[in-house]
Amino acid sequence: MPERVFDAERFYAERRRKGLKQPAAGEFLGVSVNQVSRYERRLQDPPPEKLPAAAEFVGLPLDELAPRYGLPDLRDLRCDAGLQQRDTSRFIGTKSAVSVGAAEKGMRRLRPDFVAPLAKAYGVSVEELEAAQERSFGNPVPDVRQEASRPARPQAPRTLAEKITYLLDQTYTAGSRPTDAELSRKGNAKVGGILLSEDLVRELRTGETETNDPDVLGALAAALDAPPVFFTSENPEDAARIVAGIRTVALGVMAARGAGEKPLNEEWLDFIAKSIDDIIGNQGGPAEGP
């Protein structure tokens with residue numbers, strides 16, 4: 001299932017920009033203030049069925065606050081409608097949601113008379129729901145939506161805050177991301193000086209402040225195991241493509257060795273950073289052989 005990627009920094013920045021408080025966010029989402037804080041600090045991602053409410057609270061399209069890189073299955077459609085599985089029984093006129101749960105798990109397809117009511121409840125066409133059901137059963141089905149209804153493809157990161165978020169998303173899972181304090185300590189240790197602080201990293205990450213200081217950007221890049229050119233390049237699409245490509249290959253190698261979704265270790269990250277530097281440095285001419 002292609003999970004949506006919740007942009008915690010964007011949620012935090014939009015909430016602050018619009019003068020919205022954490023208690024109000026908690027009340028809107030039906031969670032505690034402490035839970036909202038955990039979402040914003042990337043300690044935990046919101047449940048997928050709460051993402052529509054989170055987007056509505058800060059006034060952003062769902063595909064912008066939490067893009068999905070892939071096509072939805074039945075569970076995805078339900079969560080995008082902000083519904084829990086048990087909520088679906090009232091739309092199909094049953095006492096329980098067992099039939100929906102079975103279809104979402106790819107065990108038994110929905111009864112034909114359930115398809116139209118669920119499509120209406122999810123805000124999609126019957127064709128979209130049937131395609132999503134096939135994906136729940138492991139059958140690849142192309143996008144059946146009309147071109148105009150498809151979400152825009154996420155843009156490459158351009159601002160400093162977007163680039164920081166991009167690197168964090170490419171390198172770590174939701175539960176393993178380093179804190180701002182950890183990034184500060186790591187960057188300072190790697191450059192051998194005190195250039196970062198917990199507050200500065202947080203402000204740069206959330207877009208509250210910007211900087212063009214090459215020393216600060218160098219320390220930040222070191223903290224994120226990326227080449228400084230990633231923050232200074234005038235071609236964000238190329239830089240993003242390089243980072244994504246190399247890190248995807250490295251993650252695949254690590255997974256093949258049994259590391260699963262653990263973050264990359266220091267040796268791999270250093271290798272990746274050097275490789276990116278070499279690739280970007282050779283963009284003007286043919287790459288040299290080994």
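Trainee: What is the average pLDDT of the chain?

Mentor: This is a predicted model, in which local features need pLDDT of at least 70, side-chain atom pairs count only at pLDDT 80 or more, and totals for chains, interfaces and linings use all residues. Residues are numbered from 1 along each chain as its sequence is written, and side-chain values use heavy atoms, with hydrogens and water left out. The pLDDT is the predictor's confidence in each residue, from 0 to 100. In this chain 74% of the residues score at least 70, and the average is 81.

Trainee: Over residues 248–264, how many contacts beyond four places in sequence does the model have?

Mentor: A contact means heavy atoms within 4.5 Å. The pLDDT stays under 50 over residues 248–264, and the number of such contacts there is 21. Over residues 282–290 the pLDDT is also below 50, and the contacts beyond near neighbours in sequence number four.

Trainee: How many helices and how many strands does the chain have?

Mentor: The count rests on the DSSP runs described above. The chain has zero strands, and its helices number 17.

Trainee: What percentage of the residues count as buried?

Mentor: Buried means under 20% relative accessible area, exposed over 50%, and partly exposed in between (1.4 Å probe, protein chains only). In helix α13 (residues 198–206), for example, Val201, Leu204, Arg205 and Thr206 are buried. Of the 290 residues of the chain, the buried share is 44%.

Trainee: How is α12 oriented relative to α14?

Mentor: Helix α12 (residues 180–191) and helix α14 (residues 214–223) pack with their axes 7 Å apart, at an angle of about 110°. Axes are lines fitted to C-alpha atoms, for helices over the stretch in contact, and angles run from 0 to 180 degrees between N-to-C directions. Angles under 35 degrees count as roughly parallel, over 145 as roughly antiparallel, 65 to 115 as roughly perpendicular and the rest as oblique. The orientation of α12 to α14 is therefore roughly perpendicular.

Trainee: Which residues of α3 meet α2?

Mentor: The axes of helix α2 (residues 22–29) and helix α3 (residues 33–40) come within 8 Å and cross at roughly 100°. Gln22, Pro23, Ala25, Gly26 and Leu29 in α2 meet these residues of α3: Val33, Val36, Ser37, Tyr39 and Glu40.

Note on methods: Helix = DSSP H or I, 4+ residues; strand = E, 2+ residues; numbered from the N terminus.
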